[in-house]
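Subject: Handover of a structure and notes on its contents

Dear colleague,

Please find the structure below, together with its sequence. My notes on what was found in it follow.

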Amino acid sequence: MRIEGYDLPGRPGAPQAEALRLGGVHVGVQRKAEVVGRVPVQAESAVWELDVDVRHVDGWIDVGGPWVHGGPGKRFLYLSWGAVDGETFAMFRRAKLLFGDIPGPLLRSAAGGEGTLVARLGLTDAEGGPRCARVRPPDLIWALA
């Protein structure tokens, strides 16, 4: 699967851009407890390619792997925001993308190998800061590419 983030809060002219850039803020995807693929807040966009395990259980599709968090029926991905200082990443906020928000036919098509599951979302919240908490459609668009 692929996550495509746009409209990062550190872009020129954004309300909190200067403070976020000066704070060394980055966003990355959480793999187990580690945040990887970190992108600086002033980047034009952020794209993460992830391998997600898929299995069929009693007629349902379940996902797993190091990127996937939560128990059965409650699986999700984290996009984590933090301040970077050298190799140190001090997380202060996370956005949660729930697999349960993916339309069933779309998830089945992706699981069947008919394309790549893509999540597209803006990474700036209504106040101009890093998007956090549960991100739901229409703020998050799931598609097949």
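A nonpolar core is taken here as a set of buried Ala, Val, Leu, Ile, Met, Phe, Trp, Tyr and Cys residues joined through side-chain atoms within 4.5 Å. Please bear in mind throughout that the model is predicted.

The nonpolar core

By that definition, the largest nonpolar core comprises 33 residues. Those with the most contacts inside it are Ile-3, Trp-48, Leu-77, Leu-79, Leu-97, Leu-123 and Trp-142. Two or more residues are given to this core by each of strand 2 (25-31), strand 4 (45-49), strand 7 (76-85), strand 8, helix 2, strand 9 (117-122) and strand 11. In soluble globular proteins, nonpolar side chains tend to be buried together.

Strand 10 pairs with strand 8 (residues 88-98) in the parallel sense, over 2 bridges. Within strand 10, Ala-133 is the residue opposite Ala-95. The phi of Ala-133 is near 70°, a positive value in a residue other than glycine. Ala-133 counts as partly exposed, at 43% relative accessibility.

The peptide bond from Pro-137 to Pro-138 is cis, with omega near 10°.

Strand 1 and its partners

Strand 1 has 4 of its 5 residues buried, so it is largely enclosed by the rest of the structure. Which strands does strand 1 pair with, and in what sense? With strand 4 the pairing is antiparallel over 5 bridges, while with strand 9 it is parallel over 5 bridges. Tyr-6 has Ser-45 as its bridge partner in strand 4, and Gly-5 has Leu-121 as its bridge partner in strand 9.

Asp-7 lies in the loop between strand 1 (2-6) and helix 1 (17-22). Its phi is near 55°, a positive value in a residue other than glycine. Asp-7 is partly exposed, with a relative accessible area of 31%.

Helix 2

Which residues of helix 2 are buried? They are Leu-106, Leu-107, Ser-109 and Ala-110. Seen down the axis of helix 2, these buried residues fall within an arc of 160°, so they line one face of the helix. An α-helix has 3.6 residues a turn, so residues three or four places apart point the same way. Pro-105 and Arg-108 are exposed on the other side of helix 2. The buried residues of helix 2 pack against strand 6 (60-64), strand 9 and strand 11.

Ser-109, found in helix 2 (residues 104-111), has a relative accessibility of 18% and counts as buried; the cut-off for that term is under 20%. Leaving aside residues up to four places away in sequence, Ser-109 touches Glu-114, Gly-115 and Leu-144. Helix 2 is followed by Gly-113, whose phi is positive, near 80°.

Aromatic rings and the charges over them

The structure holds 2 aromatic pairs. In the pair formed by Phe-76 and Tyr-78, the ring centres are 4.8 Å apart and the planes stand at 75°, so the pair is edge-to-face. Planes over 60 degrees apart are counted in that class. Phe-76 is buried, with a relative accessible area of 9%, and Tyr-78 is buried as well, with a relative accessible area of 14%.

Phe-76 also has a charge over its ring: the charged end of Lys-96 sits 4.3 Å from the ring centre. Elsewhere, Arg-31 lies over the face of Trp-67, at 5.5 Å from the ring centre.

Yours sincerely

Technical notes. Residues numbered from 1 in each chain as written. Heavy atoms only, no water. Pairing = 2+ DSSP bridges. Buried < 20%, exposed > 50% of the residue type's maximum accessible area, 1.4 Å probe, protein only. Contact = heavy atoms within 4.5 Å. Arc of directions from axis to C-beta. Phe/Tyr/Trp six-rings, centres within 6.5 Å; stacked < 30°, edge-to-face > 60°. Lys NZ or Arg CZ within 6 Å of the ring centre and 35° of its normal.
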